[in-house]
Amino acid sequence: MSRIGKKPIPVPAGVTANVAGQEVKIKGAKGEMSFVVPDDVSVVLENGAIAVQPRSQSKRARSLWGTSRARINNLVIGTTAGFEKKLEINGVGYKAAVAGKVLKLSLGYSHDIDYEIPAGVAIVTPKPTEIVISGIDKQVVGQTAAEIRDYRGPEPYKGKGVKYAGEFIFRKEGKKK
């Protein structure tokens, strides 16, 4: 029994929800998004809330029940408040800057890295060592942050590299004489 799937998703004021068959469309202040729910799950809009129920008790239906509810909830949150990920850059000479639709990264390689900013995502660098990624789609924001982090992930000896804000990096002791 999915504990997350049981909860109805409240539709806040200023948000328009539309359920047509298996497609859920959410329109809010920040934009409009839609999600096609798998056939194993049914979606109903009632009393200003979206309810998700499995159509059968199969393993697949029960697995997709909570997932579908979470995806629809992320649409509601994304169109009202949006999502944000912060990255920190540690290391001498490591920095980032936004130039138009390109994020320029200097991460200790012989060349700078030009990362093309995807559509629907806004990237801001308040400081040269800080990157703020924001957008209405949680998956795209997280994927963008992960791709940027992959260029130079944090290493365990000095902690140099790109890491998520608040991420704990397990540090190792270096060689001893």
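Two strands are taken to pair if DSSP finds at least two bridges between them. In this predicted model, two bridges join strand E1 to strand E6 (residues 49-54), and the two strands run antiparallel. Isoleucine 9 has isoleucine 50, in E6, as its bridge partner.

The sheet to which these strands belong is open and has three strands in the order E1-E6-E5, with antiparallel pairing. Its edges are strand E1 (9-10) and strand E5 (41-46), each of which pairs on one side only. Helix H2 (residues 59-80) packs on this sheet and touches E1, E5 and E6, while its direction makes about 165° with that of E6.

The loop between E5 and E6 holds asparagine 47, a residue that has a positive phi of about 55° although it is not a glycine. With a relative accessible area of 80%, asparagine 47 is exposed.

Taken as a whole, the protein contains three helices and 13 strands. Its radius of gyration is 21 Å, well over the 16 Å that the globule rule gives for 177 residues, so the protein is more spread out than a compact globule. Along the principal axes, its C-alpha atoms fill a box of roughly 65 × 40 × 25 Å. Buried residues account for 36% of the 177 residues, and the protein exposes about 10600 Å², of which carbon and sulfur atoms supply 52%. Among contacts between residues at least 6 apart in sequence, 49% join residues at least 24 apart.

The count of salt bridges comes to six, and the table gives some of them.

| Salt bridge | N to O distance |
|---|---|
| lysine 163 and glutamate 88 | 3.6 Å |
| lysine 104 and aspartate 114 | 3.2 Å |
| lysine 127 and glutamate 130 | 3.7 Å |

Lysine 163 is buried, with a relative accessible area of 14%, whereas glutamate 88 is partly exposed at 28%.

Aspartate 114 in strand E10 (residues 113-116) and lysine 104 in strand E9 (residues 102-106) are 10 residues apart. Aspartate 114 counts as partly exposed at 47% relative accessibility, and lysine 104 is partly exposed with a relative accessible area of 36%. Lysine 127, which forms a salt bridge with glutamate 130, is partly exposed, with a relative accessible area of 48%.

Methods. Residues are numbered from 1 along each chain as its sequence is written. This is a predicted model: local features need pLDDT of at least 70, side-chain atom pairs count only at pLDDT 80 or more; totals for chains, interfaces and linings use all residues. Side-chain values use heavy atoms; hydrogens and water are left out. Helices (H or I, at least four residues) and strands (E, at least two) are DSSP runs, numbered from the N terminus. Contact means heavy atoms within 4.5 Å. Axes are lines fitted to C-alpha atoms, for helices over the stretch in contact, and angles run from 0 to 180 degrees between N-to-C directions. The radius of gyration is taken over C-alpha atoms; the globule rule is 2.2 Å times the number of residues to the power 0.38. Buried means under 20% relative accessible area, exposed over 50%, partly exposed in between (1.4 Å probe, protein chains only). Accessible areas come from the Shrake-Rupley method with a 1.4 Å probe; for residues, only the protein chains shown count as cover. A salt bridge is a side-chain nitrogen of Lys or Arg within 4 Å of a carboxyl oxygen of Asp or Glu.
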